[in-house]
Amino acid sequence: MRAKRVTFRHRWLPYALIAPQILITIVFFLWPASQAIYQSLLRQDAFGLRTEFVGLKNFARLFADPLYLDSFITTILFSTLVTALSMLTALILAVMADRVLRGSLTYRTLLIWPYAVAPAVAGVLWWFLFNPTIGIIAYALDGLGYDWNHYVSGSDAMALIVIAAAWRQVSYNFLFFLAGLQAIPRSLTEAAAIDGAGPVKRFLTIQLPLLSPTVFFLLVVNLVYAFFETFGVVHATTSGGPGNATNILVYKVWRDAFEGLNLGSSAAQSVVLMVIVIALTAIQFRYIERRVEY
């Protein structure tokens, strides 16, 4: 299929149309990224009165620090769990909502609402629900024989931030999955039903392969979300504790910069985080896209 060619009457019109986007990219991405790279090569005192160029020493110290390597592993575990939980839950809800014939608009509206909640507010909400003293879910778990306490248990704290971060992202994934399901021609599933295929087989053999572009896109978006946009959730629920059990990379950057006043190390961590996300996105587009069935 050939792409439609657009012709502009004025030579500078296409440049004027993309100028705002280029300006936003320069101000909010390229300029901060260049400053982070520059700061990562420096060592400053806590008050910023003396600056010394140290080259790559900040990066060398970073990868020799066992706390940073532990934070690295924690972030990979956290991102994997958030992505899997949010996408699987959203896919199940989208399949169910796609089959609802009466009151479907109400269900869809209710499922979309959580996305309007800020990450910090979502963290506070789940902190109250799982609070060992006043939380209703913690009380229910205690009734089932499980002593929930995310203040002393690292696994409980990790479960709390995973649930809080995934809950907010479910709505976003739900919108894309539902749109993808509704774009699939009904004639395909109806023909399979006439041939005797059950709901599960129709989903696995027809709907899921046709949803693969949506799954691929959401996989990238959710991983980037877990890496970059979950600071508010962690800060409002566990503050990286107990110990360093939930001290993911994006939270460690803030903690080292504003609590430890180690600006050079914090900048180096920001650069590493940016490289990870760029590399992850490039690898997925380069290799996984080949297996996507369009």
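**Entry 1: the model and its record**

I began by noting that this is a predicted model. Next I opened the UniProt record, an unreviewed entry, which lists residues 12–31, 72–97, 109–128, 210–228 and 267–288 under "transmembrane region".

I then checked two of those spans against the model. Residues 12–31 are 95% helix and 0% strand, and 25 Å separates the end C-alpha atoms. Residues 109–128 are 70% helix and 0% strand, with their end C-alpha atoms 25 Å apart.

**Entry 2: H5 against H7**

I looked up how helix H5 (residues 119–129) sits against helix H7 (residues 154–183). At what angle do H5 and H7 pack? I found about 130°, with the axes 9 Å apart. Angles over 145 degrees would count as roughly antiparallel, so H5 and H7 are called oblique to each other. I also noted that the crossing of H5 past H7 is right-handed.

Then I listed who touches whom. From H5 come Pro119, Ala122, Leu125 and Trp126, and they meet Leu160, Ile163, Ala164, Trp167 and Arg168 of H7. Sorted by class, the residues of this H5 and H7 contact are 8 nonpolar, 1 charged and no polar.

**Entry 3: an aromatic pair**

How many aromatic pairs does the whole structure hold? My search gave 14. I picked out the pair of phenylalanine 176 and phenylalanine 217, whose ring centres are 5.2 Å apart. The planes of these two rings are at 45° to each other, and the pair counts as tilted.

**Entry 4: H7 against H10**

The axes of H7 and H10 come within 11 Å and cross at roughly 155°. Are H7 and H10 roughly parallel or roughly antiparallel? The cut-off for roughly antiparallel is over 145 degrees, and H7 and H10 are therefore roughly antiparallel to each other. H7 passes H10 in a right-handed crossing.

I wrote down the contact residues too. H7 brings Ala165, Arg168, Gln169, Tyr172, Asn173, Phe176 and Phe177. H10 brings Thr214, Val215, Phe217, Leu218, Val221, Asn222 and Tyr225. By class, I have 9 nonpolar, 4 polar and 1 charged residues for the contact of H7 with H10.

How values were computed. Residues numbered from 1 in each chain as written. Predicted model: local features only at pLDDT ≥ 70, side-chain atom pairs only at ≥ 80, totals over all residues. Heavy atoms only, no water. UniProt positions renumbered as here; feature names shortened; annotations may be inferred. Helix = DSSP H or I, 4+ residues; strand = E, 2+ residues; numbered from the N terminus. Axes fitted to C-alpha atoms, helices over the stretch in contact; angles between N-to-C directions. Parallel < 35°, antiparallel > 145°, perpendicular 65-115°, else oblique. Left-handed = near helix turned anticlockwise from the far one by under 90°. Contact = heavy atoms within 4.5 Å. Nonpolar A, V, L, I, M, F, W, Y, C, P; charged D, E, K, R; others polar. Phe/Tyr/Trp six-rings, centres within 6.5 Å; stacked < 30°, edge-to-face > 60°.
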